[in-house]
Amino acid sequence: MKKWFFLFLFSGMFFAAGAQNRNDMEIKLEAPDLSRGKAVMQALSERQSTREFSDKELSIKDLSDLLWAANGINRPESGKRTAPSALNRQDVKVYVCMKSGSYLYEPGKQTLVLLSEGDARPVDIAPVCLVLVTDSNEMMAAIDAGIVSQNISLFCSGTGLATVPRASMDKAALREALKLSDKQEPMLNHPVGYFK
């Protein structure tokens, strides 16, 4: 328990903001704020790739809304998502890598589940790095990952967050940290943070 206490202390504002929602293995995210952000056309006109980020940790609110926008459930009665998926396979999983550990986003429960401790971010230029993983490396899976990537880019543009979609990453290291099966394929990653 002491180990988790010290991990909590050094994880910055993200864990401080979400402390009341956290246990040893799971972080409960907030419900999405559907009223925030700019109009779609304005977000599109301002979308840009950014490779310089502030050191400030993402708030639990920003992380919660970001993950929901990426591939959250927007129709609870059917379990369908914010991103379309070929044949409704919903094969894109969103993983969250931070300095303190790597997590799997579970949209049905709006939670993050701890997979491993330590820093497995593909790049350490931003406080959070989202890794988009598909259940196969087929063409439609890659297209689905691209759609989730676009959701991330548009959310960031519309809410004042910085991001850049990237394909380069150490897949072997990520497979271990994210506990991926042989069939799962890391497709893209998105460093996300506040502008420097």
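## Q110, a buried loop residue

Q110 counts as buried, because its relative accessibility is 9% (buried means under 20% relative accessible area, exposed over 50%, and partly exposed in between, with a 1.4 Å probe and protein chains only). You will find Q110 in the loop between strand 5 (101–106) and strand 6 (111–117). Its phi is near 50°, a positive value in a residue other than glycine.

This is a predicted model, where local features need pLDDT of at least 70, side-chain atom pairs count only at pLDDT 80 or more, and totals for chains, interfaces and linings use all residues. Residues are numbered from 1 along each chain as its sequence is written, and side-chain values use heavy atoms, leaving out hydrogens and water.

Look for L87 in the loop between strand 3 (80–81) and strand 4 (92–97); strands are DSSP runs of E with at least two residues, helices are runs of H or I with at least four, and both are numbered from the N terminus. With a relative accessible area of 81%, L87 is exposed.

## Two crossing helices

Now turn to helix 4 (residues 60–71) and helix 5 (residues 139–159), whose axes come within 7 Å and cross at roughly 140°. Axes are lines fitted to C-alpha atoms, for helices over the stretch in contact, and angles run from 0 to 180 degrees between N-to-C directions. The two helices, helix 4 and helix 5, are therefore oblique to each other (under 35 degrees counts as roughly parallel, over 145 as roughly antiparallel, 65 to 115 as roughly perpendicular, and the rest as oblique).
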